[in-house]
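This report considers one model with regard to its open space, its nonpolar packing and its aromatic rings.

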Amino acid sequence: MPPAEDLDRLAQEAEELDGYFSDAPLDPKPLYPPLRKTFETSVVITNLPKVPQAKFEKLTNVVVKLTTKIGSLVTDEATQFNGVFMPFDEEKDSSLGFCIVEFATPEDAEKAVTVLQGYSFDKKHQLSVLSYPRCQELKGLDTAAEFVAPTPAPFEEKPNVAEWLEDPHQRDAFVLRFQNETVVNWFDHKSDPVVDYDGSREKEQGVAWCQYYCHWSPAGSYLATLVPDKGVILWGGKGYDKIGRFVAPGVKRVVFSPQENYLLTNNEDPSDPAAIKVYHIATGNLLRAFSLFPEKEARDQMPPPFLWSFDDKYLARMGQDLITIYESPSMRLLDSRSLACDGIKEFQWSPVANVIAYWAPEANNAPAHVDLIEIPSRQKLRQKNLFNVSKCNMVFSPTGDYLAVKVTRHTKSKKTFYNNIELFRLSQPGIPVEMLDIQDAVMALTWEPNGSRFAMIHAENPTASKVQVSFYDMMKKPDALPATGVVGAKQLKKAPQAKVPELNKIETLHGKQCNYLFWSPAGSTIIMASLGDSASGSIEFYDVDSKTLVVKEHYRANQVLWDPSGRTVATCVTQPLEGGHFKFAMDNGYILWSFQGKQLYQESFETFYEFEWRPREKLLSKKDIKKVRQNLKTYEKQFDKADRRRERTRYLEETAGKRAERAKIRAVLDRNRTMLRRQRDKHLALLQGYDSEDENNYVFVELTVEKILSSKEEVVM
């Protein structure tokens with residue numbers, strides 16, 4: 001027991017501190033965070049490189065940088081934990097080749113398992129990722145037990161996505177989005193469209209077939225319908241069976257790769273780090289997710305789009321002074337570095353080769369330039385320097401043989417602008433470039449799909465109401481050589497000669513009212529259209545070969561769409577699906593025309609959102625197409641016979657009801673006549689032998705009655 005003096009001193013101190021003590025009870029209850037009893041937010045990444053202590057920190061930082069792109073990690077400043085635990089063997093001075101990563105949410109951990117599975121960390125290491133709960137399950141397995149192979153699931157044959165190409169009538173198909181309906185129609189270019197599928201199966205099940213826009217894949221194998229609440233659904237086969245569903249909440253746009261191997265979805269949300277997702281169509285796996293904008297990219301303009309190479313090998317996007325190129329299917333950065341392109345403003349892939357074309361403006365006393373780069377070697381195939389450049393626009397020809405660059409130049413005062421066209425011949429050695437000087441403003445330029453010709457709209461003033469349309473050919477027929485043959489009695493025959501690579505002007509059409517050009521997929525025919533709210537709606541069909549012109553009109557038209565064969569073209573008045581009032585709703589609908597400008601069909605809707613032809617691949621080579629054209633007369637009789645048979649079948653189907661009613665009436669008449677014949681003897685007996693049907697018992701008298709219809713009196717002096 002303490003001495004009395006100490007007790008008195010403590011009592012005195014307590015009196016002095018009286019009033020300063022808290023009234024709170026001496027039973028503290030700290031607010032600890034809830035105890036997490038599961039490890040569903042953690043994943044185990046294996047097959048990492050085994051590195052010594054000198055490279056341990058670098059490897060950890062790489063893993064942190066890779067995983068933070070997927071989601072937020074759990075960190076602790078007190079313990080300096082960065083979300084990644086990587087074991088290290090001090091005795092062997094080496095990491096153990098795996099790590100544990102803790103994410104903030106279970107959803108991010110689940111996404112990491114999907115995204116990083118099979119990811120190529122470097123040339124020798126491909127990651128394997130498991131959730132921590134799954135690792136615990138594997139740890140509890142009885143390794144001594146005999147392995148029993150699981151029973152494979154029964155084989156289910158997938159729908160034949162190319163079956164529609166076997167249509168016996170060689171019809172084309174198109175999809176319509178109107179009101180709450182999504183309908184796929186057949187069209188044979190002669191009779192009215194016929195419904196192929198309208199989502200009746202889904203309507204019976206009470207589910208939505210499509211809630212937003214829909215899109216065909218490049219070869220027409222799949223129809224993608226967008227359901228923003230769920231994602232993207234692919235349909236295919238004869239009955240439009242479900243091929244797969246891809247999770248993409250809020251999806252607003254999809255892009256298929258050219259060979260239909262991959263699908264890119266975009267919800268256009270700048271705040272979503274996974275706004276853009278790339279899926280493998282065959283497996284349904286998510287290969288990688290991207291944010292809407294690249295790093296260090298200004299967000300006050302449209303985000304740069306992802307572009308696929310023609311063979312699906314590469315996916316590229318433009319960034320600040322660079323192009324990031326990803327290899328498929330790993331979606332790993334090509335050679336672990338981006339393609340440096342100082343000042344790049346635009347780039348495009350060649351439609352037939354892994355060649356990138358891009359342009360950059362003047363900078364640091366260096367001229368503007370257009371570059372052609374071969375991928376993956378990154379070899380510069382051609383560079384064209386340009387001076388006094390304000391803007392460039394690049395257009396590849398569909399065959400990939402030519403590249404047109406519209407260059408808008410300015411004078412030294414930068415008050416006057418003029419144009420010229422740089423034409424690259426990619427199929428020739430050295431890629432020569434020709435310049436076409438155009439003083440007018442060029443509003444549009446488009447290539448013929450399967451040829452060497454191109455057309456462009458130009459005028460002195462970009463806002464002019466009357467414009468000129470000029471046609472050029474990159475190949476020229478040489479002057480005829482001296483004729484060969486017998487002189488005199490027989491006409492001389494000229495030797496056929498191949499065209500030479502030389503730019504030549506075909507013709508210029510003056511005084512046109514158009515702002516868009518649309519070449520037919522078959523070539524030769526081009527449509528000069530005046531589209532838009534303030535446009536006239538004029539649709540001019542012009543045959544460049546025969547120089548024939550047919551002028552039609554579709555008031556308020558805002559779209560022109562050729563079918564894949566070039567036989568039919570659709571002009572449409574559509575409204576946006578995002579909602580709001582559309583002031584031209586009374587004009588909604590579409591018109592189908594032949595390539596010669598003859599109207600084939602018209603349909604109107606109260607609300608009309610989308611019209612899209614089903615694409616089809618060109619299965620015939622140029623040699624086969626030439627052979628068909630040479631023997632076209634041989635096939636004409638077969639085509640005419642098939643047309644008559646199809647028309648007869650259609651007529652019988654349409655008149656089946658009328659013919660059935662007519663047969664019923666004839667049956668009633670035959671029954672009545674038979675009954676009269678059976679009762680004839682009784683009828684004569686009742687009339688005491690008088691036959692009312694015998695003409696000899698009647699007396700015929702002819703009477704002529706004259707009637708004055710009008711009379712007129714005239715006084716003749």
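On a 1 Å grid over the protein atoms alone, a pocket is an open set of points where a 1.4 Å probe fits, with protein on both sides within 12 Å along at least five of seven lines, and lining residues are those with an atom within 4 Å of a point. The model is predicted, and local features therefore need pLDDT of at least 70 and side-chain atom pairs pLDDT 80 or more, whereas totals for chains, interfaces and linings use all residues. Residues are numbered from 1 along each chain as its sequence is written, and side-chain values use heavy atoms, without hydrogens and water.

The second largest pocket holds about 1,300 Å³ of space, a volume being the space filled by probe spheres set on the grid points. Its lining counts 38 residues, with K69, R288, E295, Y326 and L333 nearest the centre. Elements that each supply at least two lining residues include α2 (53-68), α3 (106-116) and β17 (286-290); helices (H or I, at least four residues) and strands (E, at least two) are DSSP runs. By class, 18 of the lining residues are nonpolar, eight polar and twelve charged.

Helices α2 and α3 also each supply at least two residues of the largest nonpolar core, which has 44 residues. Such a core is a set of buried Ala, Val, Leu, Ile, Met, Phe, Trp, Tyr and Cys residues joined through side-chain atoms within 4.5 Å, where buried means under 20% relative accessible area (1.4 Å probe, protein chains only). I45, L48, V63, C99, V101, F103 and L234 are the residues with the most contacts inside this core, and α2 gives the largest share, five residues. UniProt, in an unreviewed entry, places the feature "domain: RRM" at residues 41-129, a stretch that is 30% helix and 20% strand and has its end C-alpha atoms 13 Å apart.

The structure holds 28 aromatic pairs, meaning rings of Phe, Tyr and Trp (its six-membered ring) with centres within 6.5 Å, called stacked with planes under 30 degrees apart and edge-to-face with planes over 60.

How values were computed
Nonpolar A, V, L, I, M, F, W, Y, C, P; charged D, E, K, R; others polar. UniProt positions renumbered as here; feature names shortened; annotations may be inferred. Buried < 20%, exposed > 50% of the residue type's maximum accessible area, 1.4 Å probe, protein only.
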